[in-house]
4 protein chains.
Amino acid sequence: MKEYILLIDTSDAKGLVYNVSKVLFANNLNIEQNSEYVEPDSKKFFMRTIISGEIHKDLLLKELREILPKESQITLHERLKKDIVILATKESHVLGDLLIRYIDGELNANIKAVIGNHEYLRDLVEKFNIPFYCISAEDMERETHEELVIKQIKEFNPDLIVLAKYMRILTPGFVKHFPKKVLNIHHSFLPAFIGANPYKQAHHRGVKIIGATAHYVTDDLDEGPIIFQDIVRVDHNYTWQDMRRAGRNVEKVVLSNALELLLEEKVFVHGNKTVIL
Amino acid sequence: MKEYILLIDTSDAKGLVYNVSKVLFANNLNIEQNSEYVEPDSKKFFMRTIISGEIHKDLLLKELREILPKESQITLHERLKKDIVILATKESHVLGDLLIRYIDGELNANIKAVIGNHEYLRDLVEKFNIPFYCISAEDMERETHEELVIKQIKEFNPDLIVLAKYMRILTPGFVKHFPKKVLNIHHSFLPAFIGANPYKQAHHRGVKIIGATAHYVTDDLDEGPIIFQDIVRVDHNYTWQDMRRAGRNVEKVVLSNALELLLEEKVFVHGNKTVIL
Amino acid sequence: MKEYILLIDTSDAKGLVYNVSKVLFANNLNIEQNSEYVEPDSKKFFMRTIISGEIHKDLLLKELREILPKESQITLHERLKKDIVILATKESHVLGDLLIRYIDGELNANIKAVIGNHEYLRDLVEKFNIPFYCISAEDMERETHEELVIKQIKEFNPDLIVLAKYMRILTPGFVKHFPKKVLNIHHSFLPAFIGANPYKQAHHRGVKIIGATAHYVTDDLDEGPIIFQDIVRVDHNYTWQDMRRAGRNVEKVVLSNALELLLEEKVFVHGNKTVIL
Amino acid sequence: MKEYILLIDTSDAKGLVYNVSKVLFANNLNIEQNSEYVEPDSKKFFMRTIISGEIHKDLLLKELREILPKESQITLHERLKKDIVILATKESHVLGDLLIRYIDGELNANIKAVIGNHEYLRDLVEKFNIPFYCISAEDMERETHEELVIKQIKEFNPDLIVLAKYMRILTPGFVKHFPKKVLNIHHSFLPAFIGANPYKQAHHRGVKIIGATAHYVTDDLDEGPIIFQDIVRVDHNYTWQDMRRAGRNVEKVVLSNALELLLEEKVFVHGNKTVIL
């Protein structure tokens, strides 16, 4: 039997769960999984439900809209493998990890294409019979280059865009084309280091922990809603290059955890935060 | 407004969420938090709901029983601080941590009493103005001693009994008096070591990780449903005493995390496992 | 047989280990533990050696000075329990943890006194038969108050001063009296939050990890050399108060780990970093 | 200037460090890194030193043997990339991770060949231009098959053999050919589960943590000296297949950490334990 993912993002009101479950029950649908969360300050209500059965999508959505507050965001998809496009630059640690998971059957997604702004990663990607597009930014204005990238991405109409160490700053224009669809990974530290070569700074500061943060991309590149974070311990024996290597290892683990959450549609955005159900 | 915790443990059936939320809605109650889980193999359904409003407890329970499968376990309590009794022997690391949390206002429970089978911990406990009962097991049969302990515990009618390094083996008879009410903490390792002085064994084996496991006590002392686990890294520099010290640190953290889950009534037992909502 | 801790902090030079071990050998001393580290960029040499045997301290120091570069910092102590003084304000989670370790015999130090700037913690401290001094800062200039605190500390001539959530900013003058002797604990986050109520900020930002950093106090309160760091996971269910509670738990673990390193004299300061041998 | 790794494994004696450093000094060699450890129970002495300069290997070894106890194990190599051979069966998560690190320049080793007992992994391996040898065990006695594998490995004379989920039990005869040269990775749990499908057992037991252990292979396949361990948290939402996926992720991280330690020759074997310097 087919399974569907129903996501509701709305204002809390008395009887929401009752009303939604009533509609599902009346449509003869099974609830396979269900989680709700009410954010206590804003009284926002989030609900993720896996349902199974025969659905008439338009009809069901109509009935749900009738019993939910007007401004509700409701999405309803069949629970299928999602299509993703990966953007990368030169480093292969995150991309390579995704490719191995992909051929291993552990990545619950179709990698439609990898787009790079250099040729470096073509060889690796093509080994796995995945199309690689190099869109060089050389001698080009940022906006012009980005337009080309956006156009290439749109050909694949992906559910998600994964920045696997894509080292170009994206403009707000880019994000507007793919709202809540772009996942990024970046290093992070206690305390934070801003500017060139954060690993050198972290080394100079003598940190004992190095982290990575996976987040949605919003207009502010490294400041979007955080999806997953993890850390690894380092000590005084680590050169800054060792720290960077340790950082890369945690980056690939963090990105892959975050991507799994997105592929299962478990992540809601609430302000600049995420709610993970 | 008063808050209540409603717990339902039953077999899955179509419309369960609908029916429960219908009853709550009809009774003019707010759902503050709600989590459900259906265990896919056994099709068991677990639901934890925080509701607020004016309730007529008996009436509400009656209505819920009418719409739920016959064998359902339903509990409904006001959300209040729980009463606990602590059992301990000689070591103070877990007990002391609970006492500091208690006076700090971070333990969401009333410690009604501490019962020891030695006098060692009386001083510490009485510093905090908590009654301490020493029930020595000397020159006594296991069952006779246990009867005395059971009797003492029952005087306080606690919601939970916390074994904070209580070094006596409990009989099945004990557990029968307090089903799903006894929390224990014990060390654990990769791989596991059985028998006397597991830290010496772990040291001899050269483990790189030491853990602790908090679990419900069932008839089989260290084998009840696991509630929380954590680990700490060790290396070849650790003597077995160092390992024991590291183990104690993780024991107190693990016990306190598990206890917090129990005090919030987030833990369901399913076979020999826990479901934490 | 008595044990001694020898610490050498100098510039690297050919034959350093050879020359030091030659002196120790000639003095008929056993090396029980030995670690060295050469920082590759600065070519600084750090050595920590536990020696046993009969030593003539002045003579041995003299011989070591002869074979080591002029600017070398050499310290040589008998390996004994250290004396500490604790400063605290209102919160008891870190202080309480130290007190429980202390009576448990797990803290390898003598707590000579606790100094508070409020009366809040007197009860707790005196339960453990440790002198508590309240030095209120009310109606007093910062420097005047600090002078009183310094005077009180000096009466105990401690090896280490532990700031167990002491919520007063220390002046450079304070640190000058106790160089490399003051240990502090503070919360830390990915990313960092500066200003009032960092937990509210962290909550608003939706972090998934909360950390704590133990460091030496230098002129810049929260920026001294880092000794130990750790983290704990949080999620969207955490209110900012829950995050603060989680933060407190990790603070006490981190401080106690850092203190253990200091009590064993394993921590060298190198610029604004630590080398831990 | 060339660098060398000197490893000494012997019984502790007065003046060992002095004597070794004297020889190195007399030979005009620089000590770049140096760590020693004396195991307190057995009084075994372990030393790992990185030296730089012009060495006459045979002469230096002769001089070291003269000043060290007779039964000392001394090894002295130039610090070079090591050659490794990988054995695998069907799963690609560990192997794939090694291959990506390899082409990424993050694996400090030459992968000379991959040997499988099935054809499954040929495609993946050959994508990376690494020779793949399938030695099927079908219709063959264990010893006969193993002889063929040993013969194939020996053609490459590797420094290390990495079992990257090689699902054949090795005989003591195999290990005798490659003492202290075989690295294995296996899942591990709190508590331990023995027998078929440990993930099903762990799921049934309701564990909250899943681990992996990297160890030297000795006669007893999963019981050799432990090199590295790590864990990952799981909860009741995990099916046993989810647990297996989580386990695989931690396996690849653990194996790669252990391999890095071996490639840097940081691991000494002491009884059934490791000392990591």
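Is Lys44(A) buried, exposed or partly exposed, and what is its relative accessibility? At 24% relative accessibility, Lys44(A) counts as partly exposed; here buried stands for under 20% relative accessible area, exposed for over 50%, and partly exposed for what lies in between, with a 1.4 Å probe and protein chains only. The model is a predicted one, in which local features need pLDDT of at least 70 and side-chain atom pairs count only at pLDDT 80 or more, while totals for chains, interfaces and linings use all residues. Residues are numbered from 1 along each chain as its sequence is written, chains are lettered from A and ligands numbered from 1 in the order in which they are written, and side-chain values use heavy atoms, with hydrogens and water left out.

Lys44(A) has a partner in Asp9(A): the two form a salt bridge whose closest N and O atoms are 3.0 Å apart. A salt bridge is taken as a side-chain nitrogen of Lys or Arg within 4 Å of a carboxyl oxygen of Asp or Glu. Because Lys44(A) belongs to strand S3 (residues 44–52) of chain A and Asp9(A) to strand S1 (residues 3–11) of chain A, the pair ties together parts that are 35 residues apart in sequence. Helices (H or I, at least four residues) and strands (E, at least two) are DSSP runs, numbered from the N terminus. Asp9(A) is buried, with a relative accessible area of 7%.

Over all chains, the structure holds 65 salt bridges. In chain C, the side chains of Glu3(C) and Arg79(C) meet in one with an N to O distance of 2.7 Å. Glu3(C) lies in strand S1 (residues 3–11) of chain C and Arg79(C) in the loop between strand S4 (73–78) and strand S5 (82–88) of chain C, so this pair ties together parts that are 76 residues apart in sequence. Glu3(C) is partly exposed at 26% relative accessibility, and Arg79(C) is partly exposed at 30%. In chain A, a network of salt bridges links Glu3(A), Arg48(A), Arg79(A) and Glu264(A).

Another salt bridge, 3.7 Å from N to O, brings together the side chains of Arg205(A) and Glu223(C). This pair joins two chains, because Arg205(A) lies in helix H7 (residues 198–205) of chain A and Glu223(C) in the loop between strand S10 (209–216) and strand S11 (226–233) of chain C. Arg205(A) is buried, with a relative accessible area of 8%, whereas Glu223(C) is partly exposed at 35% relative accessibility.

The same surface serves both copies, as 100% of the contact residues of chain C recur in chain A, contact being heavy atoms within 4.5 Å.

Turning to chain D, 8 of the 9 residues of strand S3 (residues 44–52) are buried, so this strand is largely enclosed by the rest of the structure. Strand S1 (residues 3–11) of chain D pairs with S3(D) in the antiparallel sense over 9 bridges, where pairing requires that DSSP finds at least two bridges between two strands. Leu7(D) stands opposite Arg48(D) in S3(D). Strand S2 (residues 30–39) of chain D also pairs with S3(D), in the antiparallel sense and over 9 bridges, and Glu36(D) stands opposite Met47(D) there. S2(D) and S3(D) form a hairpin with 4 residues between them, and Lys43(D) in the turn has a positive phi of about 55°.
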